[in-house]
Structure formats: structure tokens, C-alpha cells
Amino acid sequence: MWDFPIWPEAASTVAPSVEALYLFIVALNIGMTALVFGLLVLFSVLYYRRADDQVPPQYHGSMLLEIGWTAIPTVICLIVFAWGVKVYAELVVPPADSMDVYIVGRQWMWKAQYPGGQREINALHAVLGKPVKLTITSEDVLHSFSIPAFRVKSDAVPGRYTTLWFQPTQAGVYHIFCTEYCGTEHSRMIGKITVMEEGDYQKWLSEKAELGDALQGRKLFAKLQCVTCHAGESQARAPSLEEIHMKRIPLSFDKGSPVAPGATVLADENYLRESIRYPSAKIAAGYQYPSIMPAYDESLVSEDEMFQLIAYIKSLKKGQTPTRNEHTTTPTALGAPAGRP
Amino acid sequence: MSLHPPAKAWTYWANFLALCVLTVVTWLTARMDLGALSTPVALGIAVIKAALVVLFFMHVWESTPLTKLVIGMSLFILTVLLTFLFTDYATRNYDVLPLDHAAAVSGKH
Amino acid sequence: MSTIITSAPALAPASKEPGQGGGVDYLNHETSIASWLLTLDHKRIGILYLVAMSAMFVLGGFYAGLIRAELITPKGDLMSSDFYNKSFTAHGVIMVFFVLIPLVPASLGNFMLPLMIGAKDVAFPRLNLISWYVYMIGAGFTLVALIGGGVDTGWTFYTPLSTTYLNSNVLLTATGLFILGFSSILTGLNFIVTIHRMRCPGMDWFRMPLFVWALYATSVIQLLGTPVIAITLALVGVERLLGVGIFDPRLGGDPILYQHLFWFYSHPAVYIMILPPLGVTNELISTFSRKPIFGYSMMAGASLAIAIFSFIVWAHHMFTSGLSPYAAMFFSLLTFSVAIPSGIKVFTWLATLFRGSISFDSPMLYAYGFIGLFTIGGMTGLFLSTLGTDIHFHDTYFVVAHFHYVMVGGAIVGFMGGLHFIWPKMFGRMYPEFLARMSAILIFVGFNLTFFPQFLVGYLGMPRRYHEYPDEFQVLNVFSTAGATVLGVGYLLPLLYLPWSVFFGEKAGRNPWGATTLDWTHTESPPTPHNFEETPVVTGEPYKYDTLFNKESALAGH
Amino acid sequence: MQVTEKKHAQEAHDDHGHGHELAHHFVSVEQQHDAGNLGMWMFLTTEVLFFGGLFAAYTIYRYKFEKVFEQASNILDPMLGAINTIVLIFSSVTMAFAVRSAQQGKSKAIVAWLGATIVFGALFLGIKYGEWKHDARLHVFPTSDFNWTWAREKHAEGEHGHGHDSHGPELKGFVFNSPVVPANYIESDSRNPEAKQAKLFFFLYFSMTSLHALHMIIGFGVMAVIMVYAWYGYYTPHYYVPVESVGLYWHFVDLVWIFLFPLLYLLGAHLGAGH
């Protein structure tokens, strides 16, 4: 029974940097605690009360000392803070070449979608040494996606995307926990992440081969008639979506639009999502407010489908937008209040 | 021989007139479209009106420094609440840190 | 009747033997039940709080016991996960809102504050009594909610879980806490006015005992922070009633805004809990080492600094919540600003002990325990204020261990020290010293045994609020539970011997510890209904042991 | 110093001479007055933060949904808001005079001025009640029967001179059981994210104004009690903390409204509401 672990595996590239910082602060802790306990014991031994009427010398303070034990901790704190920010930057900025995996949390399970369209519940597979970027959201309440062995964690917030990334450095199977209390079965909202060699991974993928996310997104793109306005050739009614991902979009600031003049927005997953759920939120320059595009809420585009659409939009290269055929009818802007001029 | 000598009556009436005028002014300014300025103007006038009430109706004009400190303290904390909230909301749509991962790892940014 | 002038309070009008001064004290001048329930005497109200909070503490402890028992085994075999969730919610709500926040100010503070500044009572005695009744009403609502049906939101009531997805008694609990908030506000208001307006002649700001400074800083937080949580809980309630989505993303709201508003109060609340025990510890360290507090003004300043800083660091509870990274860095930096004054306090106590004349009466043992545990609790806070490490530790048992070191190891142990210190003044009786020392040691040992393993299991990644957990975490959890039983015994002892001592303990003199503040030198034990026969005039600093140290007063009652 | 102390000490003991003017635990009437005054200010700081929570929520959502908030605010009638502002300010003046009479020890005058204050406060609430009634017709109460599409339409018509209440089905009750709007409106709302945002604005509008109104009603109660005491000459130039305190409280209520008026009513005034 004495062989219980007290040290989690460090199985990702960021883990060692977190580890180093952790050890530094541990050292600070031990140092300070030892100092305090040591002095307490020492003073008790040296200065215990010998006689009932013993009156010790009365010191009232020493400016030098007081400045000292204000200044030194301040400096140490600043060092720790700076180091912490450096590690944090590593934790939040994914490499450009990382593979996208989409995570949807719901009471009480984790759903994972791979670019290849493969789906998993409460499980995740990653390739040894290949960076993975998770885009996380939730269908109901707050959850938090945590992989202790990788030292990464991010809340799943309904209504928006959060991200985390990791690059596994040793094969194995590790815990996935939900660390944000999410209701009755919170402690059962756990899973396993399996880190495997490239080869095994490809084998595993091929076993559960599927129509890729992007392709399924393309179907949706046609089914929801996005193509009627977001056409490659004419941009009369809506901007083209080709290669829009991670571009800076200047926003329209006619009297209507709810953004400040001159504002731009980075077309990341969150922006693409918002523009589908609530088109009038941030309208690209040159198009007027309110948007003529209908708002697609959960009943029209589920979170899973949203990921497929976004995967498709991200995959759109120049001139790849499907051409519209005459039969496709324009979706009417149900979202626009009837009373609007 | 009261604890505090009563203020002159006319100060109250003058104050009342000033407040009425400011109310009309703020309404008129609000009706013309000042764009981004409209809110600062409206709030600015509101602050002036509030100051008049506090200083003369609530007698802070001739009150002790302690009272002024108390007011200052509550306004300070209120400001902290409102402004520090914005450190989150105003920066949420920024691009995350250096977009170049290598820079982040090596810490050169 | 002439006014007493004291250069150093220590050479007070000698130490009268107990019973002298007419023998009429605030306990025996009227004894009917009504005289207690309708009393306007701050001393009696302090005791009313003490009784109420002890009951709440036992209840909260009971739930803690349930949780630890469940966690002995990895599988959820003792209770349903639903009941487990309700247990830790009840534990959290009761301990945080009904025990820790009012713990020291409402009981010890109420009793000592007027005595320490030479006042007959707090500024608004009626308000003082009202705030106790408000506390009881709030407690009533919450207990009905927690025991009749239960609440499974966790004490943080995070939305949208609490507003949309749960059908337990959230509304009733929110109401109870909303009401309770006003008890806290009224107490704070009363204390601030008392400290500003009721100080006896000569008791200028830098002659006040440091406990008073701590109470002052605490009251500022109570006054400015509590209303925000009140309105936030009201919004949660309204959202449940009307289905308006002010915190629900489906309805356009933002769940993170709830966290901001919640922590804007609940982080400063941590300092409502810890500042008064810090203040009490000053009294203990000074008295039992017969030294003035080293760097008095620095210490007083640190208390105020903590109170102000506590308002600008709240978002460090939200680093993984989807907070903007820039805000995360901003708040991480600010968070360190609280670490500094806390450190100052610890160093100051050590410097005070240096070359002192240290006696190890039970209050001093508690004070030692407090310093040790508070140091560990504070230092482990570094892991959580630092961005790089907090991402890993957030919402794991590491956090649980950290804030229990501060809240229990700090606040509760500090309170126990203060209680044992003030007990003879409260009831004019000594408690069995040996048992008191036993319980001090048991609590220290049991506490570490309970919560240190939780640092380790937290580092392994075991999340909070888990009903079931992977097998490899079991051993540490068993240690933790074992420690909890020791801790329980440690708490049980005072619950037995303190009430016993009220009736059978040996009589204490007016100043058994040889303390030098007005409350010890100028009042009987127990004090007379109006505290002071004549209004004292202070001309000296609070802690001064060198002039004519009065042996009898130090020994009276021993 | 000591001498004065001694005097006060005695004063404190035989305070029966002063009757109610000096409670036993105070040393002097000055101390008592200052304590009461400071206490009231402390309470007001709490109130500031109490409303502060709502203002914080308002600020954030106003920042996120600026445009819709302006349109929603445009539904409200700035004219009525302005009139109410003046009414409330005037009640502040009367209150100021009530405190003044207390300082001069004119008991009957206190009663008169407080009475005037209550009257104008009531007038304010009356106008507010009218507004809410109108809001109910527009279906902007943030409940299940909220409908943004309906509100905008009816409001637009109302602006074009048809008068407000001629349109929309007749009300059966005060607020919540106003008849259901046609299905297509509900459909169009359900598809329109801005409806949710507008609902947030009106939630904030109603919670802020009703909390404000609640404060006024509490104020009425306190004033009524004080009027009774004043009638029997309970307050003297030595002891008028209660009057002064309720005065501070009332001015604070006025302050809150001074900010609510621009934030809620004038936000969308420039959108050309032709009132």
C-alpha cells in the first residue's frame, strides 16, 4: 500500500516547464516554512519565561528590518510572476501546425470530433510528438477539460470556444477529468487519452474511418443554402469565405452596426461561430446592418454541426466555393424583426 | 444654538434651479446625435448634478474630511469594480499573445 | 469619582480580587431568558453569536465528516452522488457564510471592541442586536433549504448550473444568504462608527490595540463587498424565477460575469475571515512574550493594505474560466500585492518574540499553531497566484488544501486562541489548562494530517467535488480521513471543557495573563454591565510591559 | 481635558435629565450626533455598492450589445423620465428644508416639509406606474410574455401620432396576464438573437427602477414615523439625527435616479423618438 504515487507523469512538452516553476516555488515554500518554524522553535528554547516577573527589553521596531522584509519578498514575487507569465504563454499559444480536435462537453460526457470525422466519447487519441489543439465548448453548463499528466486545463463555456493545446512526449494512457463542478454525475465525467505511435494512430483512424468534418461541413454549407450568398464569384450580398480563417476583417461601422468605428476582428473560430449564431454582431465592412443573414441557433445548427461548418470554412481555398445552382432559394432573414423598415 | 447652523434657504432654491436646467440640457444633448460623445456628455452632466446634490443638499460642502473620505472610498471601490471588469471584456477579442508559438516558448516577445 | 489617568495601562488601579466592585457583572445583574434575547449589551450579544456559531460549526463539521467518510474508498459506496454533492454544498455554505465570516468579529470582536477602546458599548446597541436576529433569520432560511431537500450547487452557485439546470432549493438558500448579508453589513457599520466615534479620551489611532485595527479593516470590506454579493444572489434568484438569462448564455447572458461579481465579494470575504484572527494573534503574541508588537504602525498599515488590495485581485479564481489572457496576467500581478503585507505580519511576530519572555499558556500554543499553518497556507498561495502553475492546480484538491490551511488552520485556530485568551474575561473563570493544551496540540497535528495529503493528491490532479476517484488516489485520501478524526477530537474537547468551566472553573482575576490593554487592566472579569466605572483616559501606547510590572495582576487566578 | 471628561462622565450617568436626547453609552450630544451621522454615511456607501452590482451588469451588457440597448432604450419615453427627474429633485428640496427646520427646532415645519416630500415622491411613483402600464401593453416586461418584435412595431406606430394605447389588445390585468402576441411574432423573436439582448436591457431597466422604487417606499415608511415623533416635538436642535439621516437617505435615492435617467431613458433618444 506504500507504493502510491505522489508525482504525476510529465507527458507533454509544457509539463517540464510547469515542473521547473513548480519546483522553484516548492523551494521557496520549504525555505520560508523552515525559517518560520525554525525561528519559532529557537526563540521558544532561548526565551521561554524564566521568572513570573521577568520583563524583557522593549523593542519598538527597526525601519531597516521592516523595509527589508517588505522589499525582498516583493522582488521574489515579481520573479515568480514573470516566470509564471512565460510558462503561461507556452500554455496558451498553440503551434501553427497543430492538429485540430473539437471537444463538446455536456452533462456528463466529453464528445470529441476529429478532422477525419471520427467521433469518440470520453476518450481521446493523440500521436506521440504531434501537437494537438483542442477547441472546446459546452452544450449546457460549465465544464473544465483537464489532463493532469499534460498540466493543461481549460473550462468549457457554453456559448463560446476556449482552446488548449498539448504535444505528448511519451506514449501511454492518461486521465481526462472534468474539474468544474457540473452537477450530479460530475465525478463520472472522466475519460482517458491514449498517446500512440504515428503508425498505430493511422491504423486506429482508418478503423473508424468516416466522412471528414470538412466534407460533412460542405454538405451542411449546401443544405443550409449558405452558398446562395457566400458565393465565390459575386460578393454582392455576403463576403466570400475563402481563406478567411485567421484573417483580420475590417468591420462595418454604419450607424447600425454595434461596433466602434474602425474596429477590426480576427476571424478565429469564435468569430466564425458568433457570425453564424448572430450574424448582425460583427458585420464585415461594406455590408449593412442589420445583416440579411438569418441567425442559426442551436435548433438549426447543433454544436457538433457548427464544428463541421467551421472545419469546412477553414478548409476553403481560393476558388473552391461551390457554385450555386438556380434552384437553391435564398434563406429569408427570419431573424429580422417583422416591424423593421 | 443647534449642533450645526442651518444653511441659507436660497442656496437650496438656487441648487434646485441649477439641477432643473441641467436636466433639460442633458435631455436636449441626448436628442442630438453626438455619436461616441453622447454617453460621456450624458454621464458628465449626471456627475455634475450628483455633485450638486451631494455638496449642498447633503451638506458635504461644509462637512468633515471623514465624510469626504467615506464618499471617496465607496466611489473608489465602485470604480475598481467597473473598470477592472473591463480588463477582461475589453481584451477578450484580442489575438492571443504572440501568434508565433516559437516566440512564446522561447519567451522572446 | 475621579478619572483615572494611566501612563502605561499596566499600572492600573492595582488588580482587585474577583468579586470586588460590587460583584455585579453583566452576567448576573439580570438572568432571565428575555434579558438575554432582548439585551443591548455588546458582551451578551457577542455570547449569543458565539452560541449560534458553535451550533453551525458542529453542523458544518458533521457534513465534513460525511464527506471524509465517503472518500475513504474510491467508489461511491457510502452515499449517492446526489447526497454527496448536497453534503459538500452544505459544508461549504454553512462554514463559509455562517461560521467563518462572522466568526471572530461578531463574537470576540463584539465582546472586546468596546472594552479595548474604553467605550461603554458599541455605537448602535440596538442595531447590534438586530444584526444577530438577522443572522438567525438567514440561518433559518438556509438550514430549511439545506436540510429539507438540500442544495447541490456547491457554495459558489456557479451559473448556469445554479440558475437553469438544478431543481434543488437554490432560491431558498439564496434568500437566506441575501438576508444574512445584511447582518454582516450592519456589524461592520457598527464597528466602524464605534472605532471612529466611541474611543475614550487619549485613545488616539496609534494607541489602539492591533485587534481593533484588524476589526476596522474587516469592517471596511464587509461594508463595501457584501452588498455586491447580495445583489448578485438576488439576480440569480430572479433569473430562476423569471427565466431571464442575465447569466445564461442561451439567453444572451454571460456566465463569466457571474463569476466576476461573485468573486468581487468572495475574494475579499477571505480577508473578512482571516484579518480578525491575524489581529487576535497580535494580542496573544504581545501578551505572552511581554513585548510590544514590533513595528506597530507597519502592522496596522498592513491590515488596511490587505483590506484595500483584497478588492483588486478577485479574478485569480478565474484563470481557466475563459478569462482574457491579458486580464489573467493583470490580476496575477495584482494578486502578489496581497502576499507582501501578509508576509510582513509573520515576520513582525517573529521579531516580537525575539528576546521576549515567552510563556506557553494554551492561547500561545494556538498562536504558534496559527503562525505555522498560516505561513504554509499563505506560501502555497503562490502556486495559485502564479499563472503557469495555477492552470494545473485550479479546481484540484491542492486548492482545497490551500484554503483550508488559511481558513481552518488560520481563521479557526486563531479564533480558538482568541477564545481561550478572552474566556476568563468573558466568564471570570479559568478552563482546565491541561485539556486546553491537549486540544491545541491535537488540532495542530490532526489538521496537518488531514490536509497535507490533499496537497499531494491535488498535485496528482484529483479534482474537487469528486464523489468517486481513481484508485491510485486512495491511500492519500485514507490518511486525510484519519487525520480528520484526530481533528474532530481536537475540536470536541473545547466543546466539553469550556462550557464546564463556566460553572466549575476556578475564578480568574481581572488580568490573569498580565495583558496591558484597557480591557484587561480597567475592567472586572467578568466586566460590569457598563464596562468602566469611570471613563478612562489613556496617555500611553497599548503594549508596554517595562514599567512597574504588576506581579499580582499577572498571577491573580493562578 | 480630564475636567471636561469628568463632566461628560457625569452627564452620561445622570442622563435622565436629557431624556431621550442622550443615550447612556454616549458621552456627549455631539458624539451621539456624529456617530449617527457617520453611521448613515456608512450605510449609504453600502447602498452605492448595492446598486453598483446592477450598474456593473448594465455596463458590461451595454458594452456587448450597444446597438440593441439603444433601440430598446428608445422604447422608453424620455419626456416622462425628465418630468420624473424634476419631481424627484423637488422632493429633495422639500426634504432639505425638513432637515433645516429640524436644525432650527421647528417641529411642525418638519412635519409639513416631510409631508410635501412624501407627496412628490408619490407623484413620482404614480408617473412610473403609468409608464409600466404602457410597457406592459408593449410586452416588454422581461417575462415569458416579452416580445421584442411586437414592442418595436407598436412603438413605431405609437410614434406616428396614433397615440400609444389605441393599439394592441386591451389589457385584462396589470402586467403579466396581458394577452398573448400572435404566433408569428413569437416565431420571429425566437429566431432573433437581438430579442434576447433587448430582454436583458428591459430586465436591467425593471430591476433598477423597481429597486429604486422600493427604496422610495421604504423612505415613505421611515418619514411617516418621523413625522409622528416630530409632531410631538421629539426632535430638538440637539437631537435631530433621525431627520438628518432620512434626509441623506432620500437624497441618495435622488442620486441614483440622476444616473438612471440618462443610462436608461436617454441612451436611444438620438434615434429620433418624436415625443
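Which domains does the domain assignment give for chain B? Here are some notes to read alongside the model.

1. **Ground rules.** This is a predicted model, where local features need pLDDT of at least 70 and side-chain atom pairs count only at pLDDT 80 or more, while totals for chains, interfaces and linings use all residues. Residues are numbered from 1 along each chain as its sequence is written, and chains are lettered from A and ligands numbered from 1 in the order in which they are written.

2. **Chain B.** Back to the opening question: the assignment gives domain 1 (1-62) and domain 2 (64-94), with bounds that come from an automatic or database domain assignment. Taken over C-alpha atoms, the centres of domain 1 and domain 2 of chain B are 22 Å apart. Chain B has four helices and zero strands, so reading from the N terminus you get α-α-α-α; helices (H or I, at least four residues) and strands (E, at least two) are DSSP runs, numbered from the N terminus. Of the 109 residues in chain B, 25% are buried. A residue is called buried if 20 or more other C-beta atoms lie within 10 Å of its own, exposed if 12 or fewer, and partly exposed in between, with C-beta atoms placed from the backbone.3. **Helix α7 of chain C.** Look for a bend of about 30° at Gly225(C), with a proline, Pro227(C), following within four residues. A bend at a residue is the angle between axes fitted to the seven residues ending there and the seven starting there. Since 28 of the 33 residues of α7(C) are buried, the helix is largely enclosed by the rest of the structure. Just after α7(C), Gly243(C) has a positive phi of about 70°.

3. **Helix α8 of chain C.** A kink of about 35° is centred on Trp263(C). As for burial, 35 of the 35 residues of α8(C) are buried. Just past the end of α8(C), Arg290(C) takes a positive phi of about 50°.

4. **Where chains A and C meet.** Here 76 residues of chain A are in contact with 79 residues of chain C; contact means that the C-beta atoms of two residues, placed from the backbone, lie within 7 Å. On the chain A side, α1 (14-47), α2 (63-92), β6 (143-147), β7 (152-156) and β9 (172-178) each supply at least two residues. The largest share, 16 residues, comes from α2(A). By class, that side of chain A has 43 nonpolar, 21 polar and twelve charged residues. In this count Ala, Val, Leu, Ile, Met, Phe, Trp, Tyr, Cys and Pro are nonpolar, Asp, Glu, Lys and Arg are charged, and the others, Gly among them, are polar.

5. **Nonpolar cores.** A nonpolar core is a set of buried Ala, Val, Leu, Ile, Met, Phe, Trp, Tyr and Cys residues joined through C-beta atoms within 7 Å. The largest one has 376 residues, and Ile117(C) and Val212(C) have the most contacts inside it. Setting aside neighbours within four places in sequence, Val212(C) is in contact with Leu113(C), Met116(C), Ile117(C) and Ile195(C). Another core lies apart from that one and has six residues, among them Leu251(A), Val265(A), Ala267(A) and Tyr271(A).

6. **Phe311(C).** Find this residue in the loop between α9 (296-309) and α10 (325-353) of chain C. Is Phe311(C) buried or exposed? Phe311(C) counts as buried because 23 C-beta neighbours lie inside 10 Å. Not counting residues up to four places away in sequence, Phe311(C) touches Ile77(B), Val80(B) and Pro268(C).

7. Most residues other than glycine have a negative phi, and most peptide bonds are trans. A cis peptide bond joins Gln107(A) and Trp108(A), with omega about -15°; Trp108(A) sits in the loop between β1 (99-106) and β2 (109-113) of chain A. The bond from Thr159(C) to Pro160(C) is cis too, with omega near -5°, and Pro160(C) is in the loop between α4 (125-147) and α5 (161-165) of chain C. As for phi, Asn122(A) has a positive value of about 55° although it is not a glycine. Asn122(A) lies in the loop between β3 (119-121) and β4 (123-127) of chain A, and it counts as partly exposed because it has 16 C-beta neighbours inside 10 Å. Arg355(C) also has a positive phi, about 60°, without being a glycine.
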